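Biologist: I have a model open and would like to read it with you. Shall we take it one question at a time?

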Amino acid sequence: MRTSAVNTASVTVIGLGPMGHAMAGAYLDAGYQVTVWNRTASRADDLVARGAVRAATVEEALAANEVVVLSLTDYAAMYTILEPAASALEGRVLVNLSSDTPEKAREGAAWAAEHGARHLTGGVQTPPSGIGSREFNTFYSGPRDLFDEYQDVLKVITGTDYRGEDPGLAALYYQLQIDLFWTTLTAWLHMLALANANGISASEIKPYAAETLGGMSQFLDFYTPRIEAGQHSGDVERISMAVASLDHVVQTTRDSGVDPTLPAAVLETFRRGAAEGYEEDSLTRLFEVFGRGAVAK
């Protein structure tokens, strides 16, 4: 491990939204010397009361510690905050836990390097309530030696899952998870609205929803090897069956006075697969249909 005049049990956290605030708190709980900075300074009040140091400027926050954790809305916010203080980036380790695209993460890592800083991309897989627990993981990517050197610091936030040298990989894995997360929860909310329109409460339908979601891992286990083998035979289910089934969902939704936009969009996706000649294939054929991009308008 490289030697440093800066106390290794110290960290700076820039960005004190719910996530950054939780991270700063986790470091305080772990006995770290914590310096914080936020555009709205009052968000640090309770952290300062617990022993954190409130930096008056971004330059001061960067100068305080070698490791700087960024918890910002996106990479554009990073540039807005750090560019005016770029001269203070030399020798810093930026652990960027801000959400953005893989390409933005790559650009951010290159920008940091131009200013003498090293960059680790992170994708946190928990809401603020899970920060400080190793039951949850954060994806990381960037220089392997950098990750290895500071892994103990990173583990204060959550468990760690290193994905590779490419700075964009952690952002990619994160966005893949978010794709599934928001899509699944939105489908559940639509289900609740449809149930409610027919006099069924969220509590009443919850065990059935949980059973359906809990069984999804079996479908993943079954379909994954088929997808990787390019095997899409309709021996278990077929796109034509899904079109008929989803059409019934859309009709039921309309009859119930509920917005049908979500199931109708899914129905149209299956209809696209059928129109491309795959009506007798498995729904997994949509993996290839999606991969060809959007339908030309």
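Biologist: Which residue forms a salt bridge with Arg118?
Modeller: Keep in mind that this is a predicted model. A salt bridge needs a side-chain nitrogen of Lys or Arg within 4 Å of a carboxyl oxygen of Asp or Glu. Here the closest N and O atoms are 3.1 Å apart. The partner of Arg118 is Asp145.

Biologist: How many residues apart are Arg118 and Asp145?
Modeller: Arg118 sits in strand β6, residues 118–124. Asp145 sits in helix α6, residues 144–149. The pair links distant parts of the chain, and the separation is 27 residues.

Biologist: Is Asp145 buried or exposed, or does it count as partly exposed?
Modeller: Buried means under 20% relative accessible area, and exposed means over 50%. Asp145 has 46% relative accessibility, so it falls in between.

Biologist: What is the distance between the closest N and O atoms of Arg50 and Asp29?
Modeller: These two residues form a salt bridge. Arg50 is in the loop between α2 and β3, while Asp29 is in helix α1, 21 residues apart. The closest N and O atoms are separated by 2.6 Å.

Biologist: Which class does Asp29 fall in, buried or exposed?
Modeller: The cut-off for exposed is over 50%. Arg50 has 43% relative accessibility, so it counts as partly exposed. Asp29 has a relative accessible area of 63%, which makes it exposed.

Biologist: Why are Glu103 and Arg106 separated by about one helical turn?
Modeller: Glu103 and Arg106 form a salt bridge, with the closest N and O atoms 3.4 Å apart. Both belong to helix α5, residues 102–114. They are about one turn apart because their spacing in that helix is 3 residues.

Biologist: How are α5 and α8 oriented to each other?
Modeller: Their axes come within 7 Å and cross at roughly 155°. The crossing is right-handed. An angle over 145 degrees counts as roughly antiparallel. So α5 and α8 are roughly antiparallel.

Biologist: Which residues of α8 make the contact with α5?
Modeller: On the α5 side the contact uses Pro102, Ala105 and Arg106. By class, the contact has 4 nonpolar, 1 polar and 1 charged residues. The α8 side supplies Gly168, Ala171 and Leu172.

Biologist: What is the handedness of the crossing of α11 and α12?
Modeller: Helix α11 covers residues 239–255, and helix α12 covers residues 261–278. Their axes come within 9 Å and cross at roughly 155°. That makes α11 roughly antiparallel to α12. The crossing is left-handed.

Biologist: How many nonpolar residues does the contact of α11 with α12 have?
Modeller: Among the α11 residues in contact are Ile239, Leu246 and Val250. Those of α12 include Leu267, Phe270 and Tyr278. The contact also has 2 polar and 2 charged residues. The nonpolar count is 13.

Biologist: What is the C-alpha to C-alpha distance between Ala187 and Leu262?
Modeller: Ala187 lies in helix α8, residues 168–197. Ala187 is partly exposed, with a relative accessible area of 38%. In sequence, Ala187 and Leu262 are 75 residues apart. In space, C-alpha to C-alpha, they are separated by 7.6 Å.

Technical notes:
Residues are numbered from 1 along each chain as its sequence is written. This is a predicted model: local features need pLDDT of at least 70, side-chain atom pairs count only at pLDDT 80 or more; totals for chains, interfaces and linings use all residues. Side-chain values use heavy atoms; hydrogens and water are left out. Axes are lines fitted to C-alpha atoms, for helices over the stretch in contact, and angles run from 0 to 180 degrees between N-to-C directions. Helices (H or I, at least four residues) and strands (E, at least two) are DSSP runs, numbered from the N terminus. Angles under 35 degrees count as roughly parallel, over 145 as roughly antiparallel, 65 to 115 as roughly perpendicular and the rest as oblique. A crossing is left-handed if the near helix is turned anticlockwise from the far one by less than a right angle, and right-handed if clockwise. Contact means heavy atoms within 4.5 Å. Ala, Val, Leu, Ile, Met, Phe, Trp, Tyr, Cys and Pro count as nonpolar, Asp, Glu, Lys and Arg as charged, and the others, Gly among them, as polar. Buried means under 20% relative accessible area, exposed over 50%, partly exposed in between (1.4 Å probe, protein chains only).
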